[in-house]
Amino acid sequence: MSDFTLTISEFGKFRQQSFGLGRVTVVHGANEAGKTTLIDAIMRASTRFTKKQSLYTDVLRPRYGEGPLPVRITRNSDGGEVMQQEHDWVRDLLVVRASELDIALRNASVEVSWLEALRGRLFTGGVNPQSIIDRVDAMRAKPQAGNGSPLFESNRIDKQLREIEIKLEGVRRELAAQSGRLKKKDELSSAAGRLSEERGELDRRVLEIEQRLVLQKTLSERRLVKEARDRLGVREQLGRELALNSGLSDATSSEIRELEAGLRVAQTHLATREEDLARRRAELQELRVRIEHEESGLSPLRADRDAAIRTDAELSALVSESLARGGARAPVWMPIVGAALLFGALAVGMNGLAGVAALLGVVLLVITFVRRAGFGASQPRANDPALRIRTLVRIYNQSARQSVDCPDSSFESAQDFLRRVIEKCKAAEASIEKLRLSVESASSDAARLERELSEAEKTRADSARKLSGLLPPGIADSRIYAEALLRQAEVRQRLNRLESELASSMGHFGAGTLEALRAAVDDRMLEILRDPIEGEAASLQQLQVWERELAGLRARRQEVSLRLQESERELAVQDREIQILIEREARQQVALEREAHALRSRRDALVLQMDSYVLLREIVAEIDQDSGQKFAVLGESIEEYFNALVGEARTIRFSGLSSIEEATCTDRAGRVSAVGQLSSGTRDAFIFAARLAFLKKILTEEDTRRDAFLILDDPFVLLDPARTDRALRVLQGFQKELGMNLVYLTKSSEARDAFAAVFDDAVRIEL
Amino acid sequence: MARFLHTGDLHLKAARNDDSDYSLECLEAIVGQASRLAVDALLFCGDVFDREEDYADSGFLSRAVAILDRCPVPIYYIPGNHEDLTGRFARLKNAELGSRVRLVTNPSLIVHSEVEILAVPHAPSYESFAAWGIGARSARHRIAIAHGEIPGYQFEGDEEHAGVLNPAIFLHHGVSHVFLGHIHVAGSLELSGVHFHYSGSPRPVRSKETEVRGFNLVEVGESIRITRVELPEIGVMRRLNVAAIDPSWPAELEAQIQGFGPKDRIKVILEGLVAEDMNLDAMIQSVLPKLEGRFRRVEFEKRVEPLEDLLQNPFYRRIYDAWLARRPQAGGREHEVWIRMLNQLKTLKKELRK
């Protein structure tokens, strides 16, 4: 009774056909009967594969084309399709052909041993975990371009980063080298900054003062302009005068100038003489006045002199007469002593000696009185000499210009006095005489000068006449003409000066500027006009202060500017050099840092990748270890199946999995042989035993695998009948133990019968 | 003491995706922080807008300006390499950015709260820095704002090339601290005595920017102090690598996203090998609705290779089972190694077949 239905539609030699399959199915058919097609159909229906996998690329497509290949196996119990198994698992374990018993295993990888590959098929999906571990270890230990190691690229990036770091170090060194220059430049900059500040301040002050000065100068220039205008007016006037005075021939003018010069000489000479004459006349007049004065004073003197002479004569006569008469007057001491005695006696009292002294005094006084009065003399009073002298002096005083006092009445004194009067008169007369002589001399000089003056007048008159003959028509007066000439010269001189000044003014301002200045100044003028006069005066004073300050500031600014220019020149050179270097280095540094940043990011990603490889290795190593442990357990199962197949007890040991030589078989005699060195039948038995052991292991752990079909395509054709029988018994036990589906295909009717003898409930299919 | 908020690389986007509203929310959060921290000014160090079309979109621009105008302090803004002022980007110069923003289009010196700020707009080259006409430092501190790359600064982002800012520029101008834009991850570096500080983007812009977002608070007093201020409310970028071959990955993913914030952006990368009959797209479509709405944005990316017949082999199947049993905790390097292992198995399988 079938458990499954294999439905085939347009598949190989089968069109619409169904086959009932049991848990165990034996298919018998001659060559070309369709056994292989049936195997392919079962594999197709029970295997999950892609179009890249060998079942499709190596088997189905070459044999059946690229069509849909409609083949399926359904369970008869519920109609559901059986679960499809993984391709590799089906290919390597579920299809057993005698001719390919171990070839399929060996095909798993030419690089690894069959045991390794087998283990991979069983426990690592056909992948050798050790290959992954080795690959990752190689990536870590020997990163190189070919092994896809992220560390190779990471190391290359590290090298690039080191190169960048070296470049960066160079850039930093260059920057450090510049830092010294930068420091010096900074110092210079600071100095220049200070100078610049100072110059800025100076500039500001200069500008301020210049603005003030410009304003003031503008005002001044405005005044200049006004003056220029005035001068223009004067110039025009002078021009007009000049025009009036023009018209004389140069020759006449020259002659006139000569005559005029002569005239001026004559006039000068005349004036000099007139002055001299006037002076002399004045002196003459003065002398005359003095003479008159002296003469007026001389008359009394003369009277004095005459009086003196007469008096002297009378005196002489008197003296002679007196001498002739004799007699004398009381001595002088007499009245004095008499008065003294009298007053002394009165003072001490009139007794004793005092009375005597008083009496003596009175006597002396009486004598003096008597003698003075002529008492006691015989001559008459008129003959008294003293009286006469006084009389003469009185008479003299009456007649003389000056009265004199007669010192005493002595004759000698009178005579002396008279002599002095006479000498004075004589001196006066000598002086008068001298004056008279001077007057005469002056009169003579005056007369001479009068004559010379007359001659000079005559000369001047001649010159004037000549001059008037040369005068141009309409000009009668040579003086006017001469003045005109002088005026003309003066006018021309002034005109030249004005022209020069005007030219200077115009050149300084320019016509347009001048007009603009005028307009600007007009406004300022209005403002200034409103200012008090004091303010203007103060501003003028301030202007002078500013001018002085400005001069000082300009000098300072000049000095500062020179120093600043020097500093700036040096700075400019350094600035440029340092700027270029620093800018270049800075840009290079940033570019290198960005490159380094990108490389580091890339390296980090690679390290991350490497770490993920390491994590993968860690997981794979765990799985590998686990599969190794499982594989070791399988050894016992293999040994069990192998002994059942060969019919004797042998011991299987695995020293390793990299080569079949590492699997050894020890017989009862204790001979140890590598499995690879056994006979081909024994080796095939070993491999078959291994397959069964593996399948048992898988089916025990994964119940769903029991839907899989173990396809046996004449697997025991190379075995002797005894081993074939043992193999069928082993297979029977395996099927009963695990309930796995078996499909046994053979072209031999004996083999079919032998199989059916063991599996009596097998479904039979005859092709 | 002066306080500045240092940020940049907002990459405001007008309409390309849902980043439009989100980017404005981030801008609003920054402006809000300016009030909360009582800063004296904001320093926007470039790439505030992502592309020209973003500030050319008048509607979007007006929304951005409305937020900027609410800022209580001035905003000093230098263009970044996304806002190059040459060529077609030049229109930023004429964009109406509101009353608070001062767009600096040429290298110049700003003095704010007695601090000198050298503002350096992005340029492909800075060779002419000596001719910028910047005077000597006259304040106690001179800092700079700029946008570009720094030599020696190691970063892991995907930023494109930008102008290279070398320390000589800042040494020349007497700058001690430079506050930068361009690199989206915060960090600092000292070069030749000049301190460079990247604030990083205040929001996740690119999918690899998984760090917590924030900005720098700069306090300038006797010395200069920089404090990192994080913005957890902005959300972060989450990248989750998932082994696609594992049929239980949706459950694994759900376990991983526990504790993520509503503003987080989640990118799920399905990696490794995947069976041909595994309808990954259908699985994604079934998972996605459960995630959307819980987070700001959820994206899936497939980086898978076909499994082919790998698991038909019992040995490989055993490897797969052992691999699955070794699943490490997600997110670490071990997890990455684990995910990639099957790919290596596939590679080796092919090589061994040869």
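1. How many helices and how many strands are there in chain A? In this model, which is predicted rather than determined by experiment, chain A holds 18 helices and 13 strands. Of the 767 residues in chain A, 40% are buried, and the accessible surface of the chain comes to about 41200 Å², with 53% of that surface belonging to carbon and sulfur atoms.

2. Turning to the interface, 47 residues of chain B are in contact with 49 residues of chain A. The size of an interface is often given as the accessible area lost when the parts come together. For chain B and chain A this buried area is about 4200 Å², and 58% of it lies on carbon and sulfur atoms. Three residues, F315(B), R318(B) and R326(B), supply 16% of the area that chain B buries against chain A, which is more than any other three residues supply.

3. The rule finds 5 salt bridges across the interface of chain B and chain A, and one salt bridge joins the side chains of R333(B) and D611(A), with a distance of 2.7 Å from N to O. Between the two chains, 11 residue pairs are in polar contact, counting pairs in which both residues have pLDDT 80 or more.

4. Which elements of chain B give two or more residues to the side that touches chain A? They are helix 4 (167-172), helix 7 (314-325) and helix 8 (333-353) of chain B, and helix 8 provides the largest share, with 12 residues. Sorted by class, the side of chain B that touches chain A has 24 nonpolar, 11 polar and 12 charged residues.

5. Finally, a remark on S286(B), which is found in helix 6 of chain B, residues 280-291. Is S286(B) buried, partly exposed or exposed? S286(B) counts as partly exposed because its relative accessible area is 40%, a value that falls between the limits of 20% for buried and 50% for exposed. The side chain of S286(B) reaches the backbone oxygen of M283(B) at 2.6 Å. S286(B) and P250(B) lie 36 residues apart in sequence, while their C-alpha atoms are 9.3 Å apart in space.

Definitions and conventions
Residues numbered from 1 in each chain as written. Chains lettered and ligands numbered in written order. Predicted model: local features only at pLDDT ≥ 70, side-chain atom pairs only at ≥ 80, totals over all residues. Heavy atoms only, no water. Helix = DSSP H or I, 4+ residues; strand = E, 2+ residues; numbered from the N terminus. Buried < 20%, exposed > 50% of the residue type's maximum accessible area, 1.4 Å probe, protein only. Areas by Shrake-Rupley, 256 points an atom, 1.4 Å probe, with all protein chains shown as cover. Contact = heavy atoms within 4.5 Å. Buried area = accessible area lost by both parts, 1.4 Å probe. Salt bridge = Lys/Arg side-chain N within 4 Å of Asp/Glu carboxyl O. Polar contact = N/O pair within 3.5 Å; in protein donor to acceptor, adjacent residues only side chain to side chain. Nonpolar A, V, L, I, M, F, W, Y, C, P; charged D, E, K, R; others polar.
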